[in-house]
Amino acid sequence: MTLTDAIRSWDALLAEVDAAAMAILTRAEADCARLLDLKNLDPLPMSNAWTAVNTQLLGLTTKVEQTWREKIQPVLEEAEQYDDRDRERQKGDALIRRLETNRERLEVGLFGVAAQRLYAQLRADLVRDVRCTQCFAALPVGDRLFRARQVACPQCQAVNAFAPDAKVTALEYFCCHHLARLETRALYEAWLAAEGKMRRSADDLAAMKAAERALEAYARAYLAAKIAIVPEYEATFDTDLKGKMAFFYEELGRSTAWRP
Ligand SMILES: [Zn+2]
């Protein structure tokens with residue numbers, strides 16, 4: 001393969017992968033929304049469909065990486081065109097990053113809206129079903145419905161023990177996580193932008209600090225959004241925050257320019 005042929009077939013592959021990924025995501029958007037089962041409060045069919053989408057997208061990414069490694073890079077290096085090589089590789093990397101960002105954006109939107117619908121359905125069910133044992137008035141459990149607690153009846157003041165059933169408990173993570181992701185998506189995008197800037201300006205301490213601030217702002221808002229739904233999470237806030245920052249510090253620990 002000549003140099004020109006290599007670059008031409010590389011461009012063709014990238015365009016093809018870009019179009020295929022777009023088609024997968026467009027189809028997934030329609031399919032997943034349809035698969036959410038509100039009647040049975042079941043997000044599993046949708047989650048399974050999304051897992052299949054992720055596998056398909058991963059296949060595309062692998063194809064790009066493999067073609068680069070096996071077919072394109074050797075031709076460019078054989079011709080000793082190192083600037084061309086770096087530029088062409090960046091095109092592939094940029095495409096893979098864009099696919100990942102689009103995938104993540106769609107996931108946050110789709111699952112966020114699904115969580116909103118499930119959460120609304122759960123609340124409506126509980127408002128209808130959970131009654132005072134003394135006077136049968138409706139109990140106000142809708143705002144904190146995932147954990148057991150004592151609830152005073154607004155009519156007769158009797159204290160009732162409320163405990164969500166297993167079906168409700170099983171939805172806690174899905175609702176909390178995806179509602180929090182949806183609510184904090186602007187901060188997450190800001191973190192992605194800061195992280196991209198950091199990556200492009202290698203070993204620039206100011207860019208690292210900006211990325212650190214952006215990630216922490218996102219992590220704090222995400223955890224606060226979960227606490228708004230399940231106040232019990234407050235107790236582990238510090239540990240959870242550390243957990244969400246850990247990968248960042250681990251990565252920066254390898255840079256000699258990083259000063260915490
Ligand atoms: Zn009552």
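Modeller: Helix axes are lines fitted to C-alpha atoms over the stretch in contact, and angles run from 0 to 180 degrees between N-to-C directions. The model is a predicted one.

Colleague: At what angle do helix α1 and helix α2 pack, and how are they oriented to each other?

Modeller: Helix α1 covers residues 3–35 and helix α2 covers residues 44–78, and their axes lie 10 Å apart. The angle between them is about 175 degrees. Angles over 145 degrees count as roughly antiparallel, and α1 and α2 are therefore roughly antiparallel.

Colleague: What is the orientation of α2 and helix α3 to each other?

Modeller: Helix α3 spans residues 82–129, and its axis is 10 Å from that of α2. The two pack at an angle of about 175 degrees. By the cut-off of 145 degrees, α2 and α3 are therefore roughly antiparallel.

Colleague: Which residues of α3 meet α2, and how many residues of the contact are charged?

Modeller: From α2, the residues taking part include M46, W50, T61 and W68. Those of α3 are D84, R85, E88, R89, G92, L95, I96, L99, R103, E107 and A114. The contact of α2 with α3 divides into eleven nonpolar residues, three polar ones and, as the number requested, seven charged.

Colleague: Is T61 buried, partly exposed or exposed, and which residues beyond its sequence neighbours does it contact?

Modeller: T61 belongs to helix α2. A residue is buried at 20 or more C-beta neighbours within 10 Å and exposed at 12 or fewer; T61 has 17, so it is partly exposed. Its C-alpha atom is 27 Å from that of D203, 142 residues away along the chain. Outside the four places on either side in sequence, the contacts of T61 are I96 and L99.

Colleague: What is the phi of E80, and where in the chain does E80 lie?

Modeller: Most residues other than glycine have a negative phi. E80 is not a glycine, yet its phi is positive, near 55 degrees. With 8 C-beta neighbours inside 10 Å, E80 counts as exposed. Its place is the loop between α2 and α3.

Colleague: Is F136 buried or exposed, and what is its phi?

Modeller: F136 is in the loop between α3 and β1. It has 11 other C-beta atoms within 10 Å, so it is exposed. Although F136 is not a glycine, its phi is positive, at about 65 degrees.

Colleague: With which residues is V130 in contact, apart from its neighbours within four places in sequence?

Modeller: V130 is likewise found in the loop between α3 and β1. With 18 other C-beta atoms within 10 Å, it is partly exposed. The contacts of V130 are L139, V141 and F162.

Colleague: How many bridges join β1 to β2, and which residue is the bridge partner of V151?

Modeller: Strand β1 (residues 149–152) and strand β2 (residues 159–162) run antiparallel and are joined by four bridges. The pair forms a hairpin with six residues between the strands, and Q157 in the turn has a positive phi of about 65 degrees. Q150 stands opposite A161. V151 has as its bridge partner N160.

Colleague: How many helices and strands does the chain have, and what is its radius of gyration?

Modeller: The secondary structure comes to eight helices and two strands, in the order α-α-α-β-β-α-α-α-α-α. The globule rule gives 18 Å for 260 residues, and the chain is well over that value, so it is more spread out than a compact globule. The radius of gyration is 24 Å.

Colleague: What does the C-alpha trace span along its principal axes?

Modeller: Of the 260 residues, 20% are buried. Among contacts with a separation of 6 or more, 60% are between residues 24 or more positions apart. Along the principal axes, the C-alpha trace spans about 85 × 45 × 20 Å.

Key:
Residues are numbered from 1 along each chain as its sequence is written. This is a predicted model: local features need pLDDT of at least 70, side-chain atom pairs count only at pLDDT 80 or more; totals for chains, interfaces and linings use all residues. Two strands pair if DSSP finds at least two bridges between them. The radius of gyration is taken over C-alpha atoms; the globule rule is 2.2 Å times the number of residues to the power 0.38. Two residues are in contact if their C-beta atoms, placed from the backbone, lie within 7 Å. Angles under 35 degrees count as roughly parallel, over 145 as roughly antiparallel, 65 to 115 as roughly perpendicular and the rest as oblique. Ala, Val, Leu, Ile, Met, Phe, Trp, Tyr, Cys and Pro count as nonpolar, Asp, Glu, Lys and Arg as charged, and the others, Gly among them, as polar.
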